[in-house]
Amino acid sequence: MGNRYLLEMINISKEFPGVKALDGVTIRVRPGTVHALMGENGAGKSTLMKCLFGIYRPDEGEILLNGQKVTITNSKDALNHGISMIHQELHPVPFRNVMENIWLGRFPLKGFGPFRFVDEKKMFADTQKLFQDLDMDIKPDTIVGSMSVSQIQMMEIAKAVSYNSKVIVMDEPTSSLTENEVAQLFKTIDELKERGVAIIYISHKMEEILKIADDVTVMRDGKLVGTWPASEMTIDMIISKMVGRDLTQRFPVRSNTPGEVLLRVEGLTSPFAKSFRNVSFELRRGEILGVGGLVGAQRTELVEALFGLRSVASGKIFINDREVKINSPIDAKKHKMALLTEERRVTGIFPVLSVMENTLVANQHQYVTPYKLLHQQKRKEDADRNVKMLRVKTPSLKTLIKDLSGGNQQKVIFARWLLTEPDILILDEPTRGIDIGAKFEIYTIIADLAKQGKSIIMISSELPELMGMSDRIMVMSAGQVSGFVDGASATEEEIMRLATRLLV
Amino acid sequence: MSGRKIISFMSQNAIYIVLVVLVIAIAIWDTRFLSLTVFRDILLQSSTRTIIALGAAFVLITGGVDLSTGRVVGLTAVLSASMLQTTDYAQRFYPNLGEMPLWLPIVIAIVAGLLVGLLNGFVISKFSIPPFIATLGTMVMVYGINSIYFDLPPNNSQPIGGLRPDFTNLGTGYVFGMPILVLIAIIVSILVWIVFNKTVLGKNMYAIGGNREAAIVSGINVGKNLLFIYAIAGALYGLGGVLEAARTGGATNNYGNMYELDAIAACVVGGVSTSGGIGTVPGVLAGVLIFGVINYGLTFIGVNPYWQLIIKGLIIVTAVAFDIRKYLAKR
């Protein structure tokens, strides 16, 4: 590996009204390496990348490619300079096939003059060759909508390669991949490295970073903290550089004591063959029950069925030893359940509504006066109190929730459900996409709730979080419960073994 | 900094600024435009449109659309007019009908509108048919029903006229120097504002339009709420139809044709988002008034009606282009 840098962004500054989003940040990326870019949400990673893609114009600083200064004003420019990005949320054209997605905007043509048509044959052959070179097993004429997230991601990577990209930015590429798919992705990344491609890798998953990155650059509050060889770093070192203080503990001390059984589930089975089946468990008052498993273990499906969002073929649910039927979230709320969904943006927030309305949305009936109107003063007080209690950082109650950070949005959703005074809180990946500082606050909230006697079911794909927060962990594998382990004494190996036990 | 503040104020209040600028521009052209009579006429012409547009706003804010608006207006205009003719009129719809109390046909017509709305809401929430299609169906059906009714002997599709003065008084009369019609529109606007801002139904309406999935997860009965919302919308079109008949002193089965487009145009110009979740009563009022001012003002200064159409179309697109800037991601 030579010393020359493929991409250099030197002294980049960018100011928004009232915020210095980037303050003299420098990052140098070597060819054929994976360069991890780390920092809490809001540290300026995405702003920096948007400067690279010409979405923002930096106020100061310059971008060098192979030592040459370049000006990039839009993402097409970036592509032409060999810079492409694999987004966290992929946006393919779902009803069209793979090759049309890859060659979109630059279809190979045949014919002449006004009689030029898309050359389907050449497109097919080119696509096939592209996949062969990258050792990917995807057929060029597959309809994209029928593919898995990981396959679509592979397709996007192939697309980037087809543009002859020298720098590929990957934003949280593994956030929705299964273990096997991650392995496949890493294999592809190795392949790309061999071709001299540099990869800027944005992720919150420390273990992953240490496994795959060559260099690590950490940012904090719009400033560069530093760049180090990944081999010299440990998880704790990275975290302390990200948060700017030594992290003595990642999880709060819990002092909840599980009481009598509140919820009992017996043999819950989905009507769909590949979904959850025969799930039985108990949840005690004041207990945090972690639910572990790989992506595809049907954990989300299970809790959504518990909450009445999905249908159930057989099985019984008992609350306080009385059997209950839950056919809709309305029933679930009546039985004092609350669900914080995994996809915060899709099923959680109301983006164009204010923080206040987002806080109150599940609880409007409490404010109806005898004249069928809403008690405005009480609404405002409740919203204000809960938003303060959960330390939501928001300029005002009237701010639209879409303008808050992920962590603060999540706290608003916590506030929403706490107002319904639930006994059972179901949390589906409660800290997903939330930066480390806010994670600790969310953990504290969860621990406090358990201490108050609320029962909590927490799905998490992060093993440290599961082990750090749960009293007990229920591990699921291929739709079934493969075992229970004690939260305090469980090991990662034990959980992984259970999680993969029923895979075929 | 203050420059930025002005721009932000302008884009936050684009609709109202457009309205004021329009009035000023027309007044500069012809100063006689600035008179009480002119303003009263504009308000009078905008009153039924306001009521109808508010109905459409309910639906638009849930992220839906209602194409049946105009035909419901036609149906209820014909229904109310057919029962409110003077007893000595030659071509009565019901030759042997006695004098009904004024409120009864009005209530019947509004209930008819409400029932069509209920049907819309039922089909949309029960069978998950997209609102565009469901209301397209009712739009066609309601016209058919109205035409059959209108064609009943002895009327045989004759325009209904000879309406009772106590009925037409609703559309043309005054109390305390204020047109009754304008008064009704103001009262309806206030009621709708209360529903939008102070009731569970209103909050749920914004939530359903803002994120339907999240509304379901939050335990909102989306189907039931939609049912109510389409029914209210239908009832408002019904009231609009009744008042159209009263204002014009007659009715045919073609009354209200294409009113849905006017209503939607007024709503979107007034800042209601067609993708749902956004919209206010003052915005809708401003939207209706902008069209009122254009219709009246351009005729007032003698602009050719075909040019008026072109200007109207331009206003729809530019107003929305400005308004939408509020919600675009800030970069």
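A residue counts as buried if 20 or more other C-beta atoms lie within 10 Å of its own, as exposed if 12 or fewer do, and as partly exposed in between, with C-beta atoms placed from the backbone. The model is predicted: local features need pLDDT of at least 70 and side-chain atom pairs pLDDT 80 or more, while totals for chains, interfaces and linings use all residues. Residues are numbered from 1 along each chain as its sequence is written, and chains are lettered from A and ligands numbered from 1 in the order in which they are written.

Strand E15 (288–292) of chain A has 5 of its 5 residues buried. A:Ile288, A:Gly290 and A:Gly292 point one way from E15(A), and A:Leu289 and A:Val291 point the other way. Helices (H or I, at least four residues) and strands (E, at least two) are DSSP runs numbered from the N terminus.

E15(A) belongs to an open sheet of 6 strands with mixed pairing, in the order E18-E19-E20-E15-E21-E22; two strands pair if DSSP finds at least two bridges between them. Strands E18 (337–340) and E22 (480–486) of chain A each have a single partner strand, so one side of each lacks a neighbour in the sheet. On average, neighbouring strands of this sheet are turned by 20° against each other, direction ignored.

On one side, E15(A) runs parallel to strand E20 (455–459) of chain A, joined by 4 bridges, and A:Val291 has A:Ile459 as its bridge partner there. E15(A) also runs parallel to E21(A), again through 4 bridges, with A:Gly292 opposite A:Val475. E21(A) (472–477) and E22(A) are antiparallel and share 6 bridges; A:Met474 is partnered by A:Phe484 in E22(A). Helix H17 (492–499) of chain A packs on the sheet, touching E15, E21 and E22, and its direction makes about 35° with that of E21(A). Axes are lines fitted to C-alpha atoms, for helices over the stretch in contact, and angles run from 0 to 180 degrees between N-to-C directions.

Chain A is assigned domain 1 (7–243), domain 2 (249–336 + 423–504) and domain 3 (353–421), with bounds from an automatic or database domain assignment. Between domains 1 and 2 of chain A, 10 residues of domain 1 are in contact with 7 of domain 2, contact meaning C-beta atoms, placed from the backbone, within 7 Å. Helix H8 (235–243) of chain A gives the largest share of the domain 1 side, 3 residues.

The contact between the chains takes 21 residues from chain B and 26 residues from chain A. On the chain B side, H9(B) gives the largest share, 6 residues.

Methods:
Two residues are in contact if their C-beta atoms, placed from the backbone, lie within 7 Å.
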